[in-house]
Amino acid sequence: MHDHVHAGGVRPGRYVLGREPIASGGMGTVWRGYDGKLKRAVAVKELRFAEGLNESERARQKARVMVEARAAACLDHPGIVPVYDVIEDDGRPWIVMRLVPGRSLAQEVEASGALSPQRTAEIGPEILAALEAAHAGRHPAPGCQATERTSGS
């Protein structure tokens, strides 16, 4: 890795990754990280592209990541993890997000098995509200710009 992201404090950069990933899936690996500039813990998602993509296909994938990251960065909902930054390092995009304590729903199911009806009823409305916010945010105002003026504007 280069100037922006590096593993385990090996050399200076804005984001320092922990030595072990905190999650991994089909789209990539999520690392616990530290933002050296803002002095805060973050989650850093290393995105994976399919093997064998040519340069044109990789460029399309990177552009898609940017569109999705910009859309996600415009969302403001307690059930949606905020996106702080997107960087490119070593030819791959990395998404920097809030580090959320606890485990994901997938990790909970893997550890404990199927959710009970009571647990499903507890979290179902929260998940639905987050999905509704994400769906509503699919077509945000241009540039996610505020429409209210603040004093001095």
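Colleague: How many salt bridges does a search of the whole structure find?

Modeller: The structure is a predicted model. A salt bridge is counted when a side-chain nitrogen of Lys or Arg lies within 4 Å of a carboxyl oxygen of Asp or Glu. Under that rule, the search of the whole structure gives a total of 5 salt bridges.

Colleague: Which residue forms a salt bridge with R14, and how many residues apart in sequence are the parts that the pair ties together?

Modeller: R14 forms a salt bridge with D35, and their closest N and O atoms are 2.9 Å apart. R14 lies in the loop between β1 (5–7) and β2 (15–24), while D35 lies in strand β3 (residues 28–35), so the pair ties together parts whose separation in sequence is 21 residues.

Colleague: Is D35 buried or exposed?

Modeller: A residue counts as buried when its relative accessible area is under 20%. D35 has a relative accessible area of 1%, so D35 is buried.

Colleague: How many of the residues of β3 are buried?

Modeller: D35 belongs to strand β3. This strand is mostly covered, and of its 8 residues the number buried is 6.

Colleague: In which sense do β2 and β3 run, and which residue of β3 is the bridge partner of V16?

Modeller: A hairpin of 3 residues joins β2 to β3. The two strands are linked by 6 bridges and run antiparallel. In β3, the residue that partners V16 is Y34.

Colleague: Which residue takes a positive phi in the hairpin of β3 and β4?

Modeller: β3 also pairs with strand β4 (residues 40–47), in the antiparallel sense and over 8 bridges. Within this pairing, T29 stands opposite E46 in β4. The hairpin has 4 residues between the strands, and the residue with a positive phi near 60° is K39.

Colleague: Which residue forms a salt bridge with E88, and in which helix does that residue lie?

Modeller: The closest N and O atoms of this pair are 3.1 Å apart, and the partner of E88 is K62. E88 lies in strand β5 (residues 83–89) and K62 in a helix of residues 55–73, so the pair ties together parts that are 26 residues apart in sequence; the helix is α1.

Colleague: Which residues make the nonpolar surface patch, and is L131 buried or exposed?

Modeller: The patch of about 320 Å² is made by L105, V109, I127 and L131. Helices α2 (105–112) and α3 each supply at least two of its residues, and L131 lies in α3. Exposed means over 50% relative accessible area. L131 has a relative accessibility of 54%, so L131 is exposed.

Methods: Residues numbered from 1 in each chain as written. Predicted model: local features only at pLDDT ≥ 70, side-chain atom pairs only at ≥ 80, totals over all residues. Heavy atoms only, no water. Buried < 20%, exposed > 50% of the residue type's maximum accessible area, 1.4 Å probe, protein only. Pairing = 2+ DSSP bridges. Patch = residues over 30% accessible without salt bridge, like charges linked within 9 Å, V, L, I, M, F, W, Y side chains within 5 Å. Areas by Shrake-Rupley, 256 points an atom, 1.4 Å probe, with all protein chains shown as cover.
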